Every structure is written in structure tokens, then in C-alpha cells.
Amino acid sequence: FHQKLRERAARDFTVVGTRAHRLEPGETPWRLAVTNGIPFWLLEQTNPERDLAAVQAGDTLLVPVVRKP
């Protein structure tokens, strides 16, 4: 199932870089992914050293910058 999601994502967009984003109070990694139009697993993959369930306001995450074909 997840492999199919990744294959579809590879067709739908290309990662062209990353940008740093500092979490605001009340902001979650899930919301960050949704507002940037990326799948949550891609945000996790871009931040492998972070436990996204434990991040807090003020923490900085890398957000993939994507380009749609």
C-alpha cells in the first residue's frame, strides 16, 4: 500500500529542495504537511532524525519544496 502511495507521489510531484520551518504554537507536523500539500510520510522522510510525535513549538523542521509536473 505505501509503495503505491510513493509511486503515485513520484508521478504527481518532484522534490526540488527543502526549506526550514519553525513550528508556531499549536502547529503540528500533520498540519504543516497538509498546508504545504505534501504527504506526511514525505515530511517524516525529510526529517529522519526527528520524532515528529515529540516536536514542539519553536522546533525547526525541514519541509520539502515540491514542483508539480
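A salt bridge is a side-chain nitrogen of Lys or Arg within 4 Å of a carboxyl oxygen of Asp or Glu. In this predicted model, the count by that rule comes to one salt bridge. Asp59 forms the bridge with Arg50, and the closest N and O atoms are 3.2 Å apart. Side chains of opposite charge can pair when their charged atoms come close. Asp59 counts as partly exposed, at 23% relative accessibility, and Arg50 is partly exposed as well, with a relative accessible area of 29%.

**Overall architecture**

The chain has three helices and two strands. Read from the N terminus on, its elements follow the order α-β-α-α-β. Of the 69 residues in the chain, 26% are buried. The chain exposes about 4800 Å², and carbon and sulfur atoms supply 52% of that area. Among contacts between residues at least 6 apart in sequence, 69% join residues at least 24 apart.

In soluble globular proteins, nonpolar side chains tend to be buried together. Here the largest nonpolar core has twelve residues in all: Phe13, Leu23, Leu32, Ala33, Ile38, Trp41, Leu42, Leu43, Leu52, Val55, Leu61 and Val63. H2, H3 and S2 are the elements that give two or more residues to this core. H3 gives the most, with three residues.

**His21 and its surroundings**

His21 is placed in strand S1, which spans residues 14-22. With a relative accessible area of 18%, His21 falls under the 20% limit and is therefore buried. Its side chain makes a polar contact with the side chain of Glu27, at 3.0 Å. Not counting residues up to four places away in sequence, His21 touches Glu27, Leu32, Asp59, Thr60, Leu61 and Val63. One of these residues, Asp59, is the salt-bridge partner of Arg50, while Leu32, Leu61 and Val63 are among the members of the largest nonpolar core.

Gln56 sits in the loop between H3 and strand S2 (60-67), and at 55% relative accessibility Gln56 counts as exposed.

**The aromatic pair**

The structure holds one aromatic pair. The ring centres of Trp30 and Phe40 are 5.4 Å apart and the planes stand at 45°, so the pair is tilted. Trp30 lies in helix H2 (residues 29-35) and Phe40 in helix H3 (residues 40-46), so the pair ties together parts that are ten residues apart in sequence. Trp30 counts as exposed, at 56% relative accessibility, whereas Phe40 is partly exposed, with a relative accessible area of 23%.

**Thr46 in helix H3**

Helix H3 also contains Thr46. At 18% relative accessibility, Thr46 counts as buried. Leaving aside neighbours within four places in sequence, Thr46 is in contact with Thr18, Leu62 and Pro64.

**Accessibility of selected residues**

The table collects the relative accessible areas of residues discussed above.

| Residue | Relative accessible area | Class |
|---|---|---|
| His21 | 18% | buried |
| Trp30 | 56% | exposed |
| Phe40 | 23% | partly exposed |
| Thr46 | 18% | buried |
| Arg50 | 29% | partly exposed |
| Gln56 | 55% | exposed |
| Asp59 | 23% | partly exposed |

Key:
Residues numbered from 1 in each chain as written. Predicted model: local features only at pLDDT ≥ 70, side-chain atom pairs only at ≥ 80, totals over all residues. Heavy atoms only, no water. Phe/Tyr/Trp six-rings, centres within 6.5 Å; stacked < 30°, edge-to-face > 60°. Helix = DSSP H or I, 4+ residues; strand = E, 2+ residues; numbered from the N terminus. Buried < 20%, exposed > 50% of the residue type's maximum accessible area, 1.4 Å probe, protein only. Contact = heavy atoms within 4.5 Å. Areas by Shrake-Rupley, 256 points an atom, 1.4 Å probe, with all protein chains shown as cover. Core = buried A, V, L, I, M, F, W, Y, C linked by side-chain atoms within 4.5 Å. Polar contact = N/O pair within 3.5 Å; in protein donor to acceptor, adjacent residues only side chain to side chain.
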